[in-house]
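Subject: Structure handover and findings

Hi,

Here is the structure we talked about. Please load it before reading on; my notes follow.

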Amino acid sequence: MLREGDDLSWFARKAAASSGAVPGAAPEPARVRRLTELLERLRAAGVKGDAASMTLFTRRLPPGCRPCLKGDGSNFYVTGLCTRDCFFCFNQKPRKDELVAHGLPVETPEEAAAVVERFGLRSVGLSGGEPLLKLDRVLAILRALRALPRPPRVDLYTNGDRADAATLRALKAAGLHSIRFDAVARDFDLAPAAVARAIFDEVAVEIPVIPEQMGKLKTMMLELERLRVPYLNIHELFLCAENRERSEARGERAREGGESRHLLWRPAARSLESCLELLLFGLEACPTLSVYLCSCGTQESIARRGWLKRRRRDGAPQAAAA
Ligand code: SF4
């Protein structure tokens with residue numbers, strides 16, 4: 001929570017330094033001023049969360065994000081195959097149809113569920129590629145997870161291309177808790193989210209924030225409010241080995257690697273300001289939609305927390321995490 005006495009320019013300088021355009025350079029004063037001004041307006045409007053890692057939200061945290069923030073969540077990569085070819089996609093190319101659970105390649109849904117048991121995970125995100133290209137695999141995973149002594153919560157990430165009503169009902173019946181749509185992959189078509197809203201209580205849209213799309217993003221937020229979609233999760237556009245060339249061809253720039261011990265990607269130079277603007281718009285114009293910024297700083301702290309847990313569990317020294 002941002003409080004009255006907080007030095008907002010400190011948070012702004014920290015954020016600007018970690019997502020600057022030039023490695024090692026002092027943050028640009030104009031950028032620090034802009035970030036400080038946005039943080040001041042967000043504080044006045046009642047934003048919640050942690051500004052040191054830029055983990056901020058407008059009303060409520062999505063339930064699926066809580067275990068993840070504690071380092072108790074993980075991801076199953078259901079398949080690398082997809083129906084789209086987004087320029088910002090960070091999946092490995094050429095695309096491969098494989099199942100990976102918590103970073104470990106596995107052969108069957110039951111093996112994937114056993115990984116959850118072994119690591120004591122409390123939430124799982126099913127992603128891809130487009131996981132609904134492999135609906136039978138997704139349903140088998142849901143059944144295997146539900147059969148565990150302590151079943152985790154499960155969220156599914158999809159671009160919506162295969163999310164018809166019958167599929168959504170089958171997912172709900174198999175135990176899926178919530179579904180998250182990447183509306184940017186479908187050029188802001190919210191039809192699948194509208195269908196899902198009639199089937200799931202918990203529906204979210206989760207997207208990268210591309211600074212050039214601010215107009216479309218705000219229009220989308222008003223539409224989400226009208227549809228009573230409860231959650232919008234935003235993250236900074238980031239560049240990695242798999243999307244750098246296409247992102248740079250569109251004029252995006254990232255700080256070069258080396259600063260993060262835990263992430264293989266860097267945020268695009270100007271995406272954070274756009275994320276803060278959207279949080280502000282959410283507070284001012286969307287009374288029921290909750291907007292959550294899962295920034296590169298958030299992901300860094302989640303990755304660090306997970307790394308520390310693994311070190312503790314394996315009994316290895318922890319000094320390197322400092
Ligand atoms: S929809 Fe998702 S997985 Fe598919 S290309 Fe776009 S970003 Fe990649």
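Aspartate 187 sits in the loop that runs between strand S8 (178–181) and helix H7 (191–197). Its phi is positive, about 50°, although aspartate 187 is not a glycine. Most residues other than glycine have a negative phi. Aspartate 187 has 8 other C-beta atoms within 10 Å, so it is exposed.

Before you go further: this is a predicted model.

Methionine 54 is not a glycine either, and its phi is positive at about 55°. This residue is in the loop between strand S1 (48–50) and strand S2 (55–57). Is methionine 54 buried or exposed? It has 27 other C-beta atoms within 10 Å, so it is buried. The cut-off for buried is 20 or more.

Serine 53 is also found in the loop between S1 and S2. Serine 53 counts as buried because 22 C-beta neighbours lie inside 10 Å. Not counting residues up to four places away in sequence, serine 53 touches Ser295, Gly297, Thr298 and Ser301. For a distance check, take serine 53 and arginine 253. They are 200 residues apart along the chain, and their C-alpha atoms are separated by 21 Å.

Most peptide bonds are trans. Here are two cis bonds to look at.

- Lysine 93 and proline 94 are joined by a cis peptide bond, with omega at about -5°. Proline 94 is in the loop between strand S3 (73–79) and strand S4 (99–101).
- Glycine 128 and glycine 129 are joined by a cis peptide bond, with omega at about 25°. Glycine 129 is in the loop between strand S6 (123–128) and H5.

**Helix packing**

Two packed helices are described by the angle between their axes and the distance between the axes.

*H4 and H5.* Helix H4 covers residues 109–119, and helix H5 covers residues 135–146. Their axes come within 8 Å and cross at roughly 45°. H4 and H5 are therefore oblique to each other. The crossing is right-handed. On the H4 side, the contact is made by Pro109, Glu110, Ala112, Ala113 and Val116. On the H5 side, it is made by Arg137, Ala140, Ile141, Ala144 and Leu145. By class, this contact of H4 with H5 has eight nonpolar and two charged residues, and no polar ones.

*H2 and H10.* Helix H2 (residues 29–45) and helix H10 (residues 271–285) have axes that come within 10 Å. The crossing angle is roughly 20°. H2 and H10 are therefore roughly parallel. Their crossing is left-handed. H2 brings Arg34, Leu35, Leu38, Arg41, Leu42 and Ala45 to the contact. H10 meets them with Glu273, Leu276, Glu277, Leu279, Leu280, Leu283 and Glu284. By class, the contact of H2 with H10 has eight nonpolar, no polar and five charged residues.

Look at one residue of that contact, glutamate 273. It is in helix H10. Why does glutamate 273 count as buried? Because it has 20 C-beta neighbours inside 10 Å, and the cut-off is 20 or more. Leaving aside its neighbours within four places in sequence, glutamate 273 is in contact with Arg34, Leu35 and Leu38. Glutamate 273 and asparagine 91 are 182 residues apart in sequence and 25 Å apart in space, C-alpha to C-alpha.

*H8 and H10.* The axes of helix H8 (residues 214–227) and H10 come within 11 Å and cross at roughly 30°. That makes H8 roughly parallel to H10. The crossing is right-handed. Met214, Leu217, Lys218, Met221 and Leu222 of H8 meet Ser274, Glu277, Leu278, Phe281, Gly282 and Ala285 of H10. By class, the contact of H8 with H10 has seven nonpolar, two polar and two charged residues. Glu277 of H10 is listed in the contact with H2 and in the contact with H8.

Best wishes

Definitions and conventions: Residues numbered from 1 in each chain as written. Predicted model: local features only at pLDDT ≥ 70, side-chain atom pairs only at ≥ 80, totals over all residues. Axes fitted to C-alpha atoms, helices over the stretch in contact; angles between N-to-C directions. Helix = DSSP H or I, 4+ residues; strand = E, 2+ residues; numbered from the N terminus. Parallel < 35°, antiparallel > 145°, perpendicular 65-115°, else oblique. Left-handed = near helix turned anticlockwise from the far one by under 90°. Contact = placed C-beta atoms within 7 Å. Nonpolar A, V, L, I, M, F, W, Y, C, P; charged D, E, K, R; others polar. Buried ≥ 20, exposed ≤ 12 C-beta atoms within 10 Å, placed from the backbone.
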